[in-house]
Amino acid sequence: MRKVCLAVAMMASMSAQAAESYTIDPFHTYPNFEINHLGFSTMHGRFDKTEGKLNIDWANNTGSVDITIDAASVSTGMKKRDDHLTSPDFLNAAEFPEITYKSSKVTINKDKTAKVEGNLTIMGVSKPVALKVESINCGDHPMKKGTYVCGFDAEGKFKRSDFGVTYALPAIGDEMKLHIEVEAVRN
Amino acid sequence: MDELLNNPLFQSALLPFVVSLVVAVILRPHGWVWAGLSAVAGFAASVYLLTDFRFFPLSSHRKILLLGGGAVILGMVLDLLPWRRITPALLFVAAVAATLWIVWPRFRAFDGWQLWALAIAGPTYVAWLVVSCEALRHKSLQADSVVFALSLGTGLSALLGATALYGQLGSAIAAAVGARLFLQIIGKPIVAGSIMLVPLVAVLALLGLGAVVYAKLPWYCLISLALIPVMARIPLSANMPRLLHIVISVLITLLPAALAVFLTWREAGAPPL
């Protein structure tokens with residue numbers, strides 16, 4: 001019986017070691033978006049301020065994500081348009097300052113890709129949004145000794161109308177594509 | 001058809017004007033309590049197209065529209081009340097409570113003088129407009145002029161101040177009241193009553209304050225907009241021809257509205273399209 005308990009304790013210890021926690025690097029993590037503009041072109045923008053945490057369980061190829069985006073940090077290269085995007089017409093950043101994405105269902109594949117099924121919350125409305133993760137790369141930071149970093153690109157799409165962001169539909173597109181470049185430092 | 005229903009000019013100008021005009025013609029013979037509903041109906045038609053009457057997530061503009069719905073009932077009750085002495089106090093308390101509900105989420109974001117300005121100046125602005133405009137309920141032309149000027153001033157300022165939705169809502173009220181001014185011009189004025197003034201002025205006052213708090217409308221524009229009810233009280237000669245009387249009454253109230261739009265344009269520039 002003592003041997004069984006010892007074995008279980010050792011396995012639990014190994015599992016705990018395999019699960020690693022990471023903190024998002026805000027200077028190398030930017031959610032980018034694409035949206036159709038009046039049927040003419042695709043407009044690109046991004047959010048400049050993002051923070052959050054990742055947990056990766058390498059032993060079980062699973063993980064969790066908790067990301068918070070500052071809605072007022074939206075940037076399209078034109079201040080007047082950014083003011084409009086943060087206004088009640090779109091993101092209503094003064095009333096709903098945070099956009100969040102949370103998932104505890106991350107499936108990591110052997111080919112360094114992953115599937116993330118989580119909930120995106122915009123203006124207080126939460127809806128499931130899946131992200132496809134490409135090319136998970138981890139290793140020691142070449143310029144910061146002793147710092148272990150994981151990075152990847154994720155993409156997904158959703159309809160803004162699902163979150164109550166209905167202004168100027170359908171002239172300005174409903175479907176938004178997300179591209180998130182993420183780097184996270186192991187704690 | 002969808003293209004027409006999604007056209008901002010149809011949503012915020014043509015539809016509220018036509019609905020208000022038709023309802024006014026229908027209600028005109030019924031007099032006091034009901035006639036003021038014409039502009040409210042025109043605005044409600046516009047709100048339906050702009051929001052589908054969806055009230056979740058409960059953001060500031062949806063709260064404002066809900067309060068507008070409640071204010072219609074309050075206005076109707078005030079029109080039916082036999083005693084008027086408590087009306088200003090009642091409206092003042094209601095306006096302060098409504099304003100605090102709208103700006104409450106921003107209290108956490110402010111401190112110091114900004115917090116006090118929001119807590120005191122915001123409710124004062126809304127209460128002043130509601131109480132001073134409601135007092136014009138017997139004066140059809142002044143009531144229509146004041147709401148027309150306030151809606152144009154608030155709507156265009158909000159549009160320039162980077163919230164087109166607020167701008168469209170303000171413009172819709174301008175179009176709805178424009179129909180009533182049209183009836184004034186052709187010699188068939190209809191009474192306004194509290195049923196029109198309380199909800200429409202409350203919505204406009206809260207939209208103006210909301211555009212300051214939740215968008216980029218410069219705060220000092222509200223000072224200019226607050227002068228509109230004062231301008232409406234400037235006495236005009238009773239011997240003036242009717243058409244000239246209407247034009248001057250509208251132009252006088254439009255002066256502070258135009259100043260507010262100019263101040264916003266100088267600060268914010270043209271809206272991005």
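A: Let's start with handedness: a crossing counts as right-handed if the near helix is turned clockwise from the far one by less than a right angle, and left-handed if anticlockwise. Keep in mind that this is a predicted model.

Q: Okay, in which hand does H2(B) pass H9(B), left or right?

A: H2(B) makes a right-handed crossing with H9(B). The two helices, residues 8-27 and 164-185 of chain B, pack at an angle of about 35°, and their axes are 8 Å apart. Among the residues making the contact are B:Phe17 and B:Leu21 of H2(B), along with B:Ala175 and B:Phe182 of H9(B). By class, that contact has 12 nonpolar, six polar and one charged residues.

Q: Which residues have the most contacts inside the largest nonpolar core?

A: The general idea first: in soluble globular proteins, nonpolar side chains tend to be buried together. Here, the largest nonpolar core has 125 residues, and the most contacts inside it belong to B:Val130, B:Leu200, B:Val201, B:Ala202 and B:Leu206. Helix H10 (residues 193-214) of chain B gives the largest share, 17 residues. Take B:Ala202: its contacts, leaving out residues up to four places away in sequence, include B:Leu67, B:Ala95 and B:Val130.

Q: Where does B:Pro57 lie?

A: B:Pro57 is in the loop between helices H4 and H5 of chain B, and the peptide bond from B:Phe56 to B:Pro57 is cis, with omega near 0°.

Terms used:
Residues numbered from 1 in each chain as written. Chains lettered and ligands numbered in written order. Predicted model: local features only at pLDDT ≥ 70, side-chain atom pairs only at ≥ 80, totals over all residues. Core = buried A, V, L, I, M, F, W, Y, C linked by C-beta atoms within 7 Å. Buried ≥ 20, exposed ≤ 12 C-beta atoms within 10 Å, placed from the backbone. Helix = DSSP H or I, 4+ residues; strand = E, 2+ residues; numbered from the N terminus. Contact = placed C-beta atoms within 7 Å. Axes fitted to C-alpha atoms, helices over the stretch in contact; angles between N-to-C directions. Nonpolar A, V, L, I, M, F, W, Y, C, P; charged D, E, K, R; others polar.
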